[in-house]
Amino acid sequence: GIDHTTLRLSGAYTAAIYKKFPNSPQPAENNDLTSTQPFQDVSGRTIAGAPRFTYNLGIDYRHPVFVNKEFHTSLNVAYTSKWNSDAALSQYGIIEANYVADFSFGPGRQDKSFDVNFVVKNVFDDDTPQSKTWTANGVSPIYTFVPAYPRWWGVVFSGKL
């Protein structure tokens, strides 16, 4: 195809549902002190933590320079569709569809004995949380979440003996 270029594409479609789960806890939005039903039936609904679609696209470019050296660059984009991170399937646990892009570039040897990578993870600083939910402690609701991976950059040295 394209000289010095490698393309990677992968994807997954997941239809993970609860076959039978009549005793799921009530989500926080249903948890009031007047509720007489401590459980809900989530049979047939999508399992928590299971996005319907995930895709990954990677592009690597390596170009020879000088005698046994090469310049390389790489871009990777990972997409995840909307999913629910709350075990009780609360409406507050929905994580919106998002994508995260990583980029790297650097020089190295063609025999891979030494390489330097300048890396930027989460290039566009996507701030979609990894999970979130509300819980009720009988007095007041508590919002908990795991924040997104922050954008960071660094240098990676690698080699082999």
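Which residues does Phe-124 touch, not counting residues up to four places away in sequence? Phe-124 touches Tyr-99, Ala-101 and Arg-151, where a contact means heavy atoms within 4.5 Å. This is a predicted model, in which local features need pLDDT of at least 70 and side-chain atom pairs count only at pLDDT 80 or more, whereas totals for chains, interfaces and linings use all residues. Residues are numbered from 1 along each chain as its sequence is written, and side-chain values use heavy atoms, with hydrogens and water left out.

The protein chain has zero helices and twelve strands, the elements being DSSP runs numbered from the N terminus (helices are H or I with at least four residues, strands are E with at least two). The radius of gyration of the protein chain is 22 Å, well over the 15 Å that the globule rule gives for 161 residues, so the chain is more spread out than a compact globule; the radius is taken over C-alpha atoms, and the rule is 2.2 Å times the number of residues to the power 0.38. Along the principal axes, the C-alpha atoms fill a box of roughly 75 × 30 × 30 Å. Buried residues make up 24% of the 161 residues, with buried meaning under 20% relative accessible area, exposed over 50% and partly exposed in between (1.4 Å probe, protein chains only). Among contacts between residues at least 6 apart in sequence, 60% join residues at least 24 apart.

The structure holds seven aromatic pairs, a pair being rings of Phe, Tyr and Trp (its six-membered ring) with centres within 6.5 Å, and with planes under 30 degrees apart counted as stacked, over 60 as edge-to-face and the rest as tilted. The rings of Tyr-13 and Phe-53 have centres 5.4 Å apart and planes at 50°, so this pair is tilted. Because Tyr-13 lies in strand E1 (residues 5-13) and Phe-53 in strand E4 (residues 53-65), the pair ties together parts that are 40 residues apart in sequence. Tyr-13 is exposed, with a relative accessible area of 53%, while Phe-53 is partly exposed at 32%. Tyr-13 and Phe-53 form one aromatic cluster with Tyr-55 and Tyr-79.

From Phe-53 to Phe-124 the separation is 71 residues in sequence and 21 Å in space, C-alpha to C-alpha. Phe-124 has its place in the loop between E9 and E10 and is exposed, with a relative accessible area of 60%. Asn-122 is found in the loop between strand E9 (114-121) and strand E10 (131-136), and has a positive phi of about 55° although it is not a glycine; at 4% relative accessibility, Asn-122 counts as buried. Asp-125, also placed in the loop between E9 and E10, has a positive phi near 55°, but counts as partly exposed at 39% relative accessibility.

The largest pocket has a volume of about 330 Å³. Of the 17 residues that line the largest pocket, the closest to its centre are Asn-98, Val-100, Asp-126, Gln-130 and Tyr-149. On a 1 Å grid over the protein atoms alone, a pocket is an open set of points where a 1.4 Å probe fits, with protein on both sides within 12 Å along at least five of seven lines, and lining residues have an atom within 4 Å of a point; points are joined across faces, edges and corners, and the volume is the space filled by probe spheres set on them. Strand E5 (69-80) and strand E8 (98-109) each supply at least two residues of this lining, and E8 gives the most, with three residues.
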